[in-house]
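These are my notebook entries on one structure. I set down what I looked up, topic by topic.

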Amino acid sequence: MAELPVLITREEVMRLLRYTDLIPKLESALALFSKRSGAELVQPLRTIVPLQKHNGFLGLMPAYIAHEDILAAKMVSFYQRDPDSVLPAHQATVLLFDPERGNVKAVMDGTAITEMRTAAVSAISTKLLKPCRQEVLCILGSGLQAVSHYQVFTQMFSFTQVRVWSRRRERAEQFARAVAGPVTMCSSVKEAVEGADVIVTVTMAKEPVLQGEWVKPGAHVAAVGACRPDWRELDDVLMRDSVVYVDSREGASTESGDIILSGASVFAELGEVLNGTKPALCEKTTVFKSLGMGIQDAVAAKLVFDQWKSQL
Ligand SMILES: NC(=O)C1=CN([C@@H]2O[C@H](COP(=O)(O)OP(=O)(O)OC[C@H]3O[C@@H](n4cnc5c(N)ncnc54)[C@H](O)[C@@H]3O)[C@@H](O)[C@H]2O)C=CC1
Ligand SMILES: O=C(O)C1=NCCCC1
C-alpha cells in the first residue's frame with residue numbers, strides 16, 4: 001500500500017519555494033521542451049473546460065519530465081469576476097506523483113506556484129531579451145501576479161522606478177502596500193507606459209489595454225494575461241511592430257487572442273533562445289506572450305516537495 005499523500009499549504013509553498021532555485025529549473029525545462037525530445041518530456045496541450053454559467057474555466061495541466069522523474073498535474077480554475085467580488089480569480093491545486101508506482105506523493109497549493117513560476121518565466125524572458133536600458137519597470141494590473149512580478153523583477157534587476165497602473169486607484173494603493181518597496185502610481189496606461197523599458201501586463205482584460213504607439217522602441221513587454229483565444233491585452237500595432245516570443249508555440253497558437261486575432265507570427269520560444277537555436281533580438285521591441293505550461297508547475301512542485309522532505 002502506498003503512503004498517503006502529504007498536504008502542502010499555500011503558506012508552506014511560499015516558505016519553501018525560492019526564485020533562486022526555481023529559475024534555473026524553469027530554464028532547463030523550457031530548453032528541454034523546445035527540443036521536442038519525445039518521451040523525455042510530455043506535456044499535452046492544456047485541456048480547458050468552460051464553465052459558461054459561471055463565467056469561468058477549469059484548466060487541466062499534466063506534465064512528465066522523464067530524466068528528473070517528475071510527474072505532476074495542475075488543476076486551475078479561473079473566473080472573470082465582477083470588480084467588487086471578494087472571490088479569488090484563480091485557484092489551483094498541484095498533484096505530484098511517483099511516476100514509477102503511480103501514486104500521489106503530495107497534494108499542494110497551486111496558486112502560489114502559479115504566481116511564482118509565471119513571474120519567474122517573465123523574468124527569464126527579460127533576462128534573455130534584455131532591453132538596452134533597464135531603468136523603468138511598468139506593471140499594468142495590481143492583482144496577485146502583479147505582486148509576484150514586482151517581487152522577482154526587483155530581486156533580479158536594478159530598476160530605478162517601478163510604475164503601476166490599475167483600473168481603480170484603491171487597488172493600486174493596495175498593491176503598493178503589499179510590496180516592500182517604492183511604487184509610482186499612474187492614473188492612465190499611457191502615463192505608466194511611456195518611456196518604460198520593461199512592461200508587464202497582468203490584467204484580466206478581454207480587450208487591449210496596451211497600445212503599441214505608447215511603447216518605447218526597444219522596450220520588452222511580458223504579456224501574461226489574455227489567456228483565451230478571444231481575449232486581448234495588446235493591440236494590433238504592438239503585435240505587428242514587435243518580435244514575438246512565446247513559452248510554447250502550440251499553446252500560443254491555440255490560446256492567445258493577442259497572437260491569433262492580430263495574425264502576428266511567433267519568432268521563437270524562450271526555450272529556443274536558451275538552446276541557442278534562435279537569437280534574442282534585444283535591440284528590437286519584443287513581446288513575450290506567456291500562457292503558462294504544466295512543466296513549469298511540475299518543476300516548481302518537485303522543488304517544494306524536496307524542500308519539504310529535507311526539513312523533516
Ligand atoms: N500566463 C500565465 O502563465 C498565467 C496567466 N495568468 C493571467 O494573468 C492575469 C492576472 O492574474 P492575477 O493577478 O492572478 O489576477 P487578479 O484577479 O489577482 O488580478 C487581475 C488584475 O486585472 C485587473 N483587471 C480586471 N479586468 C480588467 C480590465 N478589463 N482591464 C484592465 N484591468 C483589468 C484587476 O483590476 C486586477 O488588477 C490574468 O489574466 C490571468 O488569467 C494567471 C496565471 C498564469
Ligand atoms: O498557466 C496557468 O496556470 C494559467 N494560465 C492562464 C490562465 C489561468 C492559469
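Entry 1: ligand 2. I began with Arg117, where a polar side-chain atom lies 2.8 Å from an oxygen atom of ligand 2. I note here that the model is a predicted one. I then turned to Lys74 and found an N or O atom of its side chain 2.5 Å from an oxygen atom of ligand 2. For Leu291 the contact involves the backbone: an N or O atom there lies 3.1 Å from a nitrogen atom of ligand 2. I looked up the area as well: ligand 2 has 260 Å² of accessible area on its own, and the protein covers 92% of it. I also listed the residues around ligand 2, which include Arg46, Met61, Val76, Phe78, His90, Thr114 and Cys227.

Entry 2: ligand 1. Which residues are the closest to ligand 1? I recorded His90, Ser142, Gln145, Thr203 and Ser290 as the closest, out of 25 residues that surround it. I checked the polar contacts next. A polar backbone atom of Ser142 is 2.8 Å from an oxygen atom of ligand 1. For Gly143, the distance from a polar backbone atom to an oxygen atom of ligand 1 is 3.5 Å. For Gln145, I noted 2.8 Å between a polar backbone atom and an oxygen atom of ligand 1. Taken alone, ligand 1 exposes 860 Å², of which the protein buries 85%.

Entry 3: the overall fold. I counted the secondary structure as 11 helices and 15 strands. The C-alpha atoms fill a box of roughly 60 × 45 × 40 Å, taken along the principal axes. I compared the radius of gyration with that of a compact globule: for 312 residues the value would be near 20 Å, and the protein has 19 Å, so the two agree. Of the 312 residues, 54% count as buried.

Entry 4: aromatic rings. I counted 7 aromatic pairs, taking ring centres within 6.5 Å as a pair. Why is the pair of Phe305 and Trp308 called stacked? The ring centres are 6.1 Å apart and the planes are at 15°, so the pair counts as stacked, because planes under 30 degrees apart are counted that way. I located both residues in helix H11 (residues 294-310), where they are 3 residues apart, about one turn of the helix. Phe305 and Trp308 are both buried. Elsewhere I found Phe57, Phe78 and Trp231 linked into a cluster by ring pairs.

Entry 5: charges over rings. I found Arg36 over the face of Phe33, at 4.3 Å from the ring centre. Arg81 lies over the face of Tyr79, at 4.1 Å from the ring centre.

Entry 6: positive phi values. I looked up Asn55, which has a phi near 60°, a positive value in a residue other than glycine. Asn55 lies in the loop between strand S3 (47-51) and strand S4 (56-65). Is Asn55 buried, partly exposed or exposed? I recorded a relative accessible area of 42% for Asn55, which is partly exposed. Asp69 has a positive phi too, near 55°. I found Asp69 in the loop between S4 and strand S5 (70-79). Asp69 counts as partly exposed, at 41% relative accessibility.

Conventions:
Residues numbered from 1 in each chain as written. Chains lettered and ligands numbered in written order. Predicted model: local features only at pLDDT ≥ 70, side-chain atom pairs only at ≥ 80, totals over all residues. Heavy atoms only, no water. Phe/Tyr/Trp six-rings, centres within 6.5 Å; stacked < 30°, edge-to-face > 60°. Helix = DSSP H or I, 4+ residues; strand = E, 2+ residues; numbered from the N terminus. Buried < 20%, exposed > 50% of the residue type's maximum accessible area, 1.4 Å probe, protein only. Lys NZ or Arg CZ within 6 Å of the ring centre and 35° of its normal. Near = heavy atom within 4 Å. Polar contact = N/O pair within 3.5 Å; in protein donor to acceptor, adjacent residues only side chain to side chain. Areas by Shrake-Rupley, 256 points an atom, 1.4 Å probe, with all protein chains shown as cover. Rg over C-alpha atoms; globule rule 2.2 N^0.38 Å.
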